Amino acid sequence: MKLSINMAMTLDGKVVRPDGRWYGLTSKEDKQQMDVYRSQSDAIILGKNSIINDNPIVKIRAFSNALNPRPVILIRKGTIPIDKHVFEESDHIPLVICTKTNLKEIKTSLENRAEIFALDADDIEPKKVTGILKRKGYQNVLLEGGPKLNFSFLAGDLVDRIYITVVPYIIGKNGLPGIANHTEELPEFDKNSWKLVNSVTKGNEIFLTYEK
Ligand SMILES: NC(=O)c1ccc[n+]([C@@H]2O[C@H](COP(=O)([O-])OP(=O)(O)OC[C@H]3O[C@@H](n4cnc5c(N)ncnc54)[C@H](OP(=O)(O)O)[C@@H]3O)[C@@H](O)[C@H]2O)c1
């Protein structure tokens, strides 16, 4: 199974606005390119905060007969509201992966709207997630963050590819995350460089593909 991060970042490397959300900074071309990546994937992993803050639409809109990837949502604590696009507009019933700590809460709130897979642990280990997705037969999985989730999968050495769109804005405010965010650095980050395998310019944006 191949796992690919897909994120857009500003010229100063930020992936969220000062209000903690991401909207309005990507072009029509970027949305189309995202749909290309999604149409090549069978599942798409989303973080809890991204769903709460951004309420993303994961259904492909650029091509009429594309197969939509299945949303996979990781929630360690608590739950998320049911009135999010991911529950209302997906072709597939989302897969929610939770822990033994929040299973009861997740069942109460999402039982009829998602397939629920509870891990027998208090944390969601990314390797367990890729194991579950492999067993379900998924071959190309897109990880659409946010930065906390991206960090967890990178720290587990589970990411094969990174798609980055550079958008032509500079935010400047300190403390806003880049594509991966945690209190510690990735171990041996300076010994693990990524290979640039593709770069395309469209309008004022650059679309980069890096691989291991
Ligand atoms: N620029 C872009 O392309 C782009 C794309 C996506 C998102 N974003 C931005 O990113 C922001 C959110 O980023 P974020 O980093 O705060 O949140 P996130 O990565 O979306 O979600 C993190 C949350 O997911 C849960 N989680 C479950 N398993 C986890 C694991 N193994 N590792 C880490 N977290 C796990 C945790 O919540 P619990 O412990 O509470 O369950 C954690 O706080 C959004 O507001 C959005 O604006 C930008």
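These legends walk through several close-up views of one predicted model.

As a predicted model, it is read with thresholds: local features need pLDDT of at least 70, side-chain atom pairs count only at pLDDT 80 or more, and totals for chains, interfaces and linings use all residues. Residues are numbered from 1 along each chain as its sequence is written.

**View 1. The whole chain, to get your bearings.** The chain holds 6 helices and 9 strands; these are DSSP runs numbered from the N terminus, with helices being H or I of at least four residues and strands E of at least two. The radius of gyration is 17 Å, close to the 17 Å that the globule rule gives for 212 residues, so the chain is as compact as a globular protein of that length. That radius is taken over C-alpha atoms, and the globule rule is 2.2 Å times the number of residues to the power 0.38. Along its principal axes, the C-alpha trace spans about 45 × 45 × 35 Å. Of the 212 residues, 34% count as buried, meaning that 20 or more other C-beta atoms lie within 10 Å of the residue's own; 12 or fewer makes a residue exposed, anything in between partly exposed, and C-beta atoms are placed from the backbone. Among contacts with a separation of 6 or more, 71% join residues 24 or more positions apart, a contact being two backbone-placed C-beta atoms within 7 Å.

**View 2. The shell around the ligand.** Here 28 residues surround the ligand, and the closest are G47, N49, N53, G146 and K148; a residue is near a molecule if its C-beta atom, placed from the backbone, lies within 6 Å of it. The elements giving two or more residues to this shell are β1 (2–10), α2 (48–54) and α6 (147–155). Helix α2 supplies the largest share, 5 residues. By class, look for 11 nonpolar, 10 polar and 7 charged residues, where Ala, Val, Leu, Ile, Met, Phe, Trp, Tyr, Cys and Pro are nonpolar, Asp, Glu, Lys and Arg are charged, and the others, Gly among them, are polar.

View 3. Most residues other than glycine have a negative phi, and most peptide bonds are trans. A cis peptide bond, with omega about 10°, joins G145 and G146, and G146 is found in the loop between β6 and α6. N55, in the loop between α2 and β3, has a positive phi of about 50° although it is not a glycine. D157, in the loop between α6 and β7, also has a positive phi, near 55°.

View 4. D83 is found in the loop between β3 (70–74) and α3 (85–88). With 8 C-beta neighbours inside 10 Å, D83 counts as exposed, while N55 is partly exposed, with 15. The two residues are 28 apart in sequence and 9.1 Å apart in space, C-alpha to C-alpha.
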